[in-house]
Amino acid sequence: MSLYRDDGIVLRTHKLGEADRIVTVLTRRTGKIRGVAKGVRRTTSRFGARLEPFTHVDVQLHTGRTLDVITQAETIRPYGEPLVADYPRYTAGVAMLETADKLIMDEKEPALRQFLLLVGGLRTLGSGEHEPRLVLDAYFLRSLAVAGYAPALETCARCRTPAVRAFAIVAGGVVCGACRPAGAAVPEGETLALMTALLKGDWVTADASGARHRAECSGLVAAYLQWHLEHGIRSLRHVEREPAS
């Protein structure tokens, strides 16, 4: 029996049999892992509550034939606690977990930068310092950048000219008039400035943005993310968007 230990964020769980759960965790060193937590659905379980989504846990597992088995779990930080009573923050957090799960497809492939981004995003979301949708969009953009899909926001994605005219998902970001494909969106300059600020972590600019530009930014970021994932983010339908004004 091969034992190993790591710490990570619980992304999701689902039932297995009558008393067990399969727990998906994005860990610091190992990457994304799936492990069986035996008996955790019983009221007498020693660590069932420690293996809930949003929880930063220290886990010990032993390698199994198909799924590893979680033998120990200790809570490091329950990031869900400040979120559950705040619907906008909670739904934004759920969308973060789902995105991390879908963006990191291969199991047991180290993904330290994605792990750190998720921890930072959940911490910021729970602090209440910034509007939840801004935090979520910042997480989306940065996680895409780490995965190699950062959108071009300052020069044309195709010819690199600075004279940008539109935003084309299929082209990889902003495009000039000559490179603009059919169906490209034409966002306002302030919207593109907001996207740039979120990608760079410029919260002074992001927090000062207007509702209309935040709404437009969220729509573009969500569409760009889901196009690259080739999957919809189901939890996004529950995320509250700030209405344009």
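Modeller: Two strands count as paired if DSSP finds at least two bridges between them. The model here is predicted.

Colleague: What makes strand S4 and strand S5 a pair?

Modeller: Strand S4 (residues 55–62) and strand S5 (residues 68–78) share 8 bridges, in the antiparallel sense. The cut-off is at least two bridges, so S4 and S5 pair. In one of these bridges, Val57 has Thr75 of S5 as its partner.

Colleague: Which strands close into a barrel, and in what order?

Modeller: The barrel has 5 strands, in the order S1-S2-S3-S5-S4, with mixed pairing. On average, neighbouring strands are turned by 50 degrees against each other, direction ignored.

Colleague: Where does H1 lie on these strands?

Modeller: H1 lies across S1, S2 and S3 and runs at about 110 degrees to S1. H2 also packs on the sheet, where it touches S1, S2, S4 and S5.

Colleague: Why is H1 described as roughly parallel to H3?

Modeller: Helix H1 (residues 87–103) and helix H3 (residues 132–146) pack at about 10 degrees, their axes 9 Å apart. Angles under 35 degrees count as roughly parallel, which makes H1 roughly parallel to H3. Among the contact residues are Ala92 and Met96 of H1 and Leu136 and Phe140 of H3. The contact residues comprise 12 nonpolar, 2 polar and 1 charged.

Colleague: How do you know that H1 is largely enclosed by the rest of the structure?

Modeller: Buried means under 20% relative accessible area. In H1, 12 of the 17 residues are buried, so H1 is largely enclosed. The buried residues include Arg89, Glu98 and Asp101. H1's buried residues pack against S1, S2, S3, H2, H3 and helix H6 (211–229).

Terms used
Residues are numbered from 1 along each chain as its sequence is written. This is a predicted model: local features need pLDDT of at least 70, side-chain atom pairs count only at pLDDT 80 or more; totals for chains, interfaces and linings use all residues. Side-chain values use heavy atoms; hydrogens and water are left out. Axes are lines fitted to C-alpha atoms, for helices over the stretch in contact, and angles run from 0 to 180 degrees between N-to-C directions. Helices (H or I, at least four residues) and strands (E, at least two) are DSSP runs, numbered from the N terminus. Angles under 35 degrees count as roughly parallel, over 145 as roughly antiparallel, 65 to 115 as roughly perpendicular and the rest as oblique. Contact means heavy atoms within 4.5 Å. Ala, Val, Leu, Ile, Met, Phe, Trp, Tyr, Cys and Pro count as nonpolar, Asp, Glu, Lys and Arg as charged, and the others, Gly among them, as polar. Buried means under 20% relative accessible area, exposed over 50%, partly exposed in between (1.4 Å probe, protein chains only).
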